[in-house]
Amino acid sequence: MATDTSSQPEIPLTGGAAPDRKPLLRIHELHTQFETKQGTVRAVDGLSLDLYEGEVLGLVGESGCGKTMTALSIMGLLPGNGQAVAGEINFEGKNLLQCSGEEMKKIRGARIAMVFQEPMTALTPTMTIGRQISEAMEIHLALGREEARERALELLDHVGIPSPRARFDNYIHQFSGGMRQRVMIAIAFSCQPRLLLADEPTTALDVTVQAQILDLIKHLAQEAGMTALFITHDMGIVAGSCDRVAVMYAGRMVEIGPVDDVLLNPRHPYTQGLLGSVPSLESKPGDRLYSISGLPPDLVSLPTGCKFWLRCPLADDRCREDEPELEQYGQSQAACWKVMPPRDVAA
Amino acid sequence: MLAPTVIIVMLITFTLGYYGPIDPVRAVLGEEWEDEARYAEVKKALGLDRPFVIQFLDYMGTMFGGHWGQSLSAFGGVASDRAVGEGRGAGFSGTSTGVREMVLGRLAISAQLSFWALVFLTVFAILLGVLAAVKQNTTVDYAIVTSSIIASSIPAYVIGPVLLIIFVLKIPVFKTVGGWDGMFSRQAILPAIVLATGPMLVIVRQTRAGIVEVLGKDFVRTARAKGMPERLVVARHMLRTAMIPVLTSLGLVTSGLLTGSLFVEQIFNIPGIGKLAIQTLMSGDHPVFMGVVLFQALIIVTVNLLTDLLYGGLDPRVTYD
């Protein structure tokens, strides 16, 4: 790993956020690792990211680029022997990485909530959905069982479950995929957290339901003035739902900026590749869909220099030897030696 | 399922009884059996001179009629004194000679004993299993698993007497050595513990495996993401799912406890069904022995059925039509 941490900017650049906004969550130089027989897997490798109050930030990248591990590092719920070995995650004046188990339990669910990808497996099959919603409120909001039940019924109604009273005592197998995710959302919003982490909340759903669920999350988050981190690989979701977008590759950030700017003027070849692999209305039938060649690097033995050079059409010797840092280009930042000039400047 | 199983068990026990080495006539007559006239007379009285098929049909008729027949001791034989009498423990009041009364009376005692053993198992073995799973691969885990292996490996006829020596002779916690004085008497404690140690390992292991399997599930992560205390995560989100395989084992164990408490009942001199089986087998009291076997088969079938019904209580996805 060739990252030279001392040369990182002292004050993280706002990455396209409005300057008057206050950061709610600041991730600084996060390193999350797993020990395996093959070696140390660097799932998140020196990620710095600020989330500002009230914004929706999309975190995109291929599978295995560290998006989910970033979210689970924030929650302190890394699986197996995964550990955030270095860095800071500052939230409401606390470094979450140094919080005790008890402190984290007070934050999880109450201050930071998470919506998971697969609503079938992410909800307990042997517990009624009503209880799954109400139990967290009993703990965090110190509600009695009856009060929590009433609140849960309101929440069920609010997330669009018809006849909540009849549905309260149902089990998850009696719900459709979209309904399950609505329950998941009701759980996440139940204790009015400040920050919502949504890990591919619509990936497992039918296309027709995806938009409804996204709208629901957006609507509820706006209503509650909540900050949200949307983890996705769907550029359509980013375009439709997010204020800013951060692109991750091999555990680090390669580009971040306002959605419009990044989608219209992607600076990093990887971002361009991601956008290029989305079919557009202009493409003709029979056209081959663009795809980024090769596979993401092995997180046990990362290449030197830019982590993307193996797959990058523009890579040269410098890319192979020196790792680029995030630099400001227009409203966005990108970590690339070969950054394209923004289209509006070139024109 | 029930009826064919019972008929097959009846056929097997009856056939074994018919061709087996023990002669009921001799059992009834005792010393007198060499008197040929007496022998033929008793044989006719017992209906044993008829062909096999007739005897079997007659037997089935008696059983399904709910009578279950009479103990050979009713014919004034030695059976009741020679073997049965030896086993009479404190509190045993089996004066009836009807097979049904004898079996049911003894079964009640075995059931009470098994009940305590089952309570002991469900409370301690499941608790230990959960603890071992939560503290997976730590000293606590190893200690629990190892001690369960040891406890279950020592046969009841070793553990029983050792406990008797310790708690009756050395530290006199219990006054009497054995016998039965109702399920709420102190005499019930030691035999129940000994009875529970055998299946202990199965339940501990099964619980541990069940919880370990659930530990990595997404819904457990969701429960933690809600900030639930670990104790509630285990109790509400993990236990029910993890208990499904344990329930299967508990069903088998229950049948085993009810039907296989032979050693424990013998050691602690408890007049349960296990002891009745031994006594009647040794004394050649066929009608009673066959009744015991048949009833035990019934128990196993019934417990299996109950187990299946209980799945529905644990797993909401199971429904019955």
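**View 1. Helix α6(A) and the lining of the largest cavity.** In this predicted model, α6(A) gives the most to the lining of the largest cavity, namely three residues, where helices (H or I, at least four residues) and strands (E, at least two) are DSSP runs numbered from the N terminus. At least two lining residues each come from β6 (112-115) and α6 (177-189) of chain A and from α10 (218-225) of chain B. The lining consists of Gly109(A), Ala113(A), Met114(A), Ala136(A), Met184(A), Ile187(A), Ala188(A), Thr222(B), Ala225(B) and Lys226(B), and it divides into seven nonpolar residues, two polar and one charged; Ala, Val, Leu, Ile, Met, Phe, Trp, Tyr, Cys and Pro count as nonpolar, Asp, Glu, Lys and Arg as charged, and the others, Gly among them, as polar. The space in this cavity is about 80 Å³, and the structure holds three cavities of 30 Å³ or more. A cavity is a set of points, on a 1 Å grid over the protein atoms alone, where a 1.4 Å probe fits but cannot get out, with lining residues having an atom within 4 Å of a point; the volume is the space filled by probe spheres set on the points, which are joined across faces, edges and corners.

**View 2. The interface of chain A and chain B.** Contact (heavy atoms within 4.5 Å) involves 26 residues of chain A and 19 residues of chain B. Between them the two chains bury about 2,100 Å², 60% of it on carbon and sulfur atoms, buried area being the accessible area (1.4 Å probe) lost on putting two parts together, summed over both. The interface has 13 residue pairs in polar contact, both residues at pLDDT 80 or more; such a contact is a pair of N or O atoms within 3.5 Å, where within protein one must be able to donate a hydrogen and the other to accept it, and residues adjacent in sequence count only if both atoms are side-chain atoms. On the side of chain A that touches chain B, α1 (67-75), α3 (129-140) and α6 each supply at least two residues, and α3(A) provides the largest share, seven residues.

**View 3. Salt bridges between and within chains.** Two salt bridges (a side-chain nitrogen of Lys or Arg within 4 Å of a carboxyl oxygen of Asp or Glu) are counted between chain A and chain B. Arg236(B) forms a salt bridge with Glu135(A), with the closest N and O atoms 2.7 Å apart. Within chain A, the side chains of Arg111(A) and Glu92(A) meet in a salt bridge at 2.6 Å, N to O.

**Conventions.** Residues are numbered from 1 along each chain as its sequence is written, and chains are lettered from A and ligands numbered from 1 in the order in which they are written. Local features need pLDDT of at least 70, side-chain atom pairs count only at pLDDT 80 or more, and totals for chains, interfaces and linings use all residues, while side-chain values use heavy atoms, with hydrogens and water left out.

Note on methods. On a 1 Å grid over the protein atoms alone, a cavity is a set of points where a 1.4 Å probe fits but cannot get out, and a pocket is an open set with protein on both sides within 12 Å along at least five of seven lines; lining residues have an atom within 4 Å of a point.
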